[in-house]
Amino acid sequence: MTKYLYSSALIIMGATALIPSTLWAQAHRCSLRIDPTDTNSRRRISTDDLLRLRDFGSLSTSISSEPFQVGPNGSLLALHLRRADATTDSYCTAIILVPLRGRQKPTIIDDGGEILPFSGYRFGVAQPPLGIPKDAILRWSPTGNALAYTKIFADHSEIWRYDLTRRSLQKLLTSPVDIDALAWSEDGSAILYSSRPGTVDARESITNEGRSGYRYDGRFVPYASDQPFVSSDIPLRNFAIDPNSGEPVALPTRSENLLPPSFGWPNAVTAFAKAAGNANTAYAYTSGKLYRENPQLKANVAGRTIECRQTSCSNAQGLWWSSDGSTLWYERRTGVADSVTEFYAWKPGRSAPKLLLSTQDAIFGCKRVRIELVCALESSTSPRSIVAIALNDGTRRSVFEPNPEFASLTLGTVKRLEWANSFGISTFGDLVLPPDRKNNQRLPLVIVQYDSRGFLRGGTADEYPIQALAARGFAVLSFNRPPRFGSTLPVTNEQEYMRANNDGWVDRKSNVSSFEKIIQRLTADGIIDPQRVAITGQSDGASTATYALANSNLFSAAILSTCCQADTMLAFGGEGLADFYVQGGYPASRYSNRNFWHEGALESATKARPVPLLIQASSVEFRLGLTTYSELRHRGWPVEMFIYPDEGHVKIHPVHRDAIYRRNVEWLTEKLAQ
């Protein structure tokens, strides 16, 4: 049973919370207060500065994410804020209302419940804890006078309502299972939600089955548990409650499209927008013929279909109409490996799209408020905040900065690099250099994988504190993995795509080629010492790292957050995972294609150069690395492994995140900085 993390909320930026005194007393368990002295003194960044950042929304920077919710009248937005505390191994959380204009300060209305690891459904079963935080769901009433939101706890979930007029809170529902979706009816007379109540009986059935022994089948994920997981066949059901009493009510008519995943969009549509004042619509769509195809843009105006065929309309993912339905604004990703975010204004049938803003910053989760888009923003050197983008000229203004003291920290310099590998596939990375580097000084290099969009915190899974490493004298390359090799071919489904990537390990070879090219470039530029280069990685990044260790001499040290691909992986992963990989080109038997694993698995690479190797694994996944660890240890590699209890694919406990940050910095300093 996963032990979850407790939390509550207090103050941010000196704002007084408008909550009853009884709840106020409960809220004093932790603090989100900003110390004014932190914003006035310049000093070098530390791992603690990164750990204790105030975060909101999911970890994703995808355009379609929802890190906050804007009220219907456009005066307030609501968000769920969290801050890690390693001392108590908990998170401080809050539900916050932020004014979009004026001098009024953000206001805490409630604590935000607990921070729990998300577990999805795949391969027919509920999966082991992924480790990324579950998203709290916030939804405004149609009139904007109330906010409904979820709180998540270890053994249940809750739905709450905040009344803005009365400044009062009310718990409406306690559910023994997760609330998967939340919405208001169109007239505000009911709050709708989705859940899987059958999960309770399914768990009880598994417990009863264990009394006579479990039959091993596709419900098992052996590396994670010795019990079956709940089936993904448990139906998602929709319910409605009265917003005042919380009592169950009948589902209103026409409610089927208010709760995801049933939005009523046409097939193959990836984004959709309807003008408020007329019947004009717009949508981004794919042909459905190719896998991972970039969507194209089309509008229906006054009964006429208008397709935008310009390159600037490709890969549009966010769409918003003007109030009169004459102008469509859209957001797209473009550039090398989609490294650039752009916004356009288009008058379908009247003029070509006009570029408003092009930036390497990650901008996402946008909502239109009159003549602005309110969006979450991350730059390479600044953590997540909220900005408003003017729709007439693309200028930006700040709306909410949850970490103002971060600007007082001394950071390393950041330079965006772009290059192509020997396969002709281009990618990018961000090179971070120490703030006091001497011009002729060759530095040890740490490569952090595998997504470099947005704030450079700690790489995918946030375990390698980039700026803290730079402050210790390292050059750090935040490496964005190149587009997968399969994306260069006309594949039609996921299995074809995977087989194209896995055939002869060609996608891993593409990644290693990208490493080779950039290491050569940084060496030729006199920036790094090629004899002191470390590779790090989690998940896909760890698989790339082990392939590189097995097939190259590029690296003199390595740290893995997950470990390791080997021929035993399919057995440990269970039948569902094994079938998925076999359909994607992996050999069905460890004996049917010995060359496949001999090339791709580090434990089989008997001629690989031994280098210091640190493995920091979770309690759920460490068994996947045991055969590799044992083989390398007996082969004489300087390998050590640490296991973090009560963790999933991504580590979520603040005390563990703190330990991982610190250990990685100290270990790399010991191995490379001499």
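Mentor: Let us begin with two helices, which are DSSP runs of H or I with at least four residues, numbered from the N terminus. Arg508, Lys509, Asn511, Val512 and Phe515 in α6 meet Asp540, Ser543, Thr544, Tyr547 and Ala548 in α7; contact means heavy atoms within 4.5 Å. This is a predicted model, in which local features need pLDDT of at least 70, side-chain atom pairs count only at pLDDT 80 or more, and totals for chains, interfaces and linings use all residues. Residues are numbered from 1 along each chain as its sequence is written, and side-chain values use heavy atoms, with hydrogens and water left out.

Trainee: At what angle do α6 and α7 pack?

Mentor: Axes are lines fitted to C-alpha atoms, for helices over the stretch in contact, and angles run from 0 to 180 degrees between N-to-C directions. Here the angle is about 75°, and the axes of α6 and α7 lie 9 Å apart. The two helices, α6 and α7, are therefore roughly perpendicular, a term for angles of 65 to 115 degrees.

Trainee: Which residues does Thr523 contact, leaving aside neighbours within four places in sequence?

Mentor: Thr523, found in helix α6 (residues 506–524), is in contact with Arg442, Ile528 and Pro530.

Trainee: How confident is the predictor?

Mentor: pLDDT is its confidence in each residue, from 0 to 100. The protein chain has a mean pLDDT of 90, with 93% of its residues at 70 or more. Over residues 9–29, however, pLDDT stays under 50.

Definitions and conventions. pLDDT = per-residue confidence, 0-100. Parallel < 35°, antiparallel > 145°, perpendicular 65-115°, else oblique.
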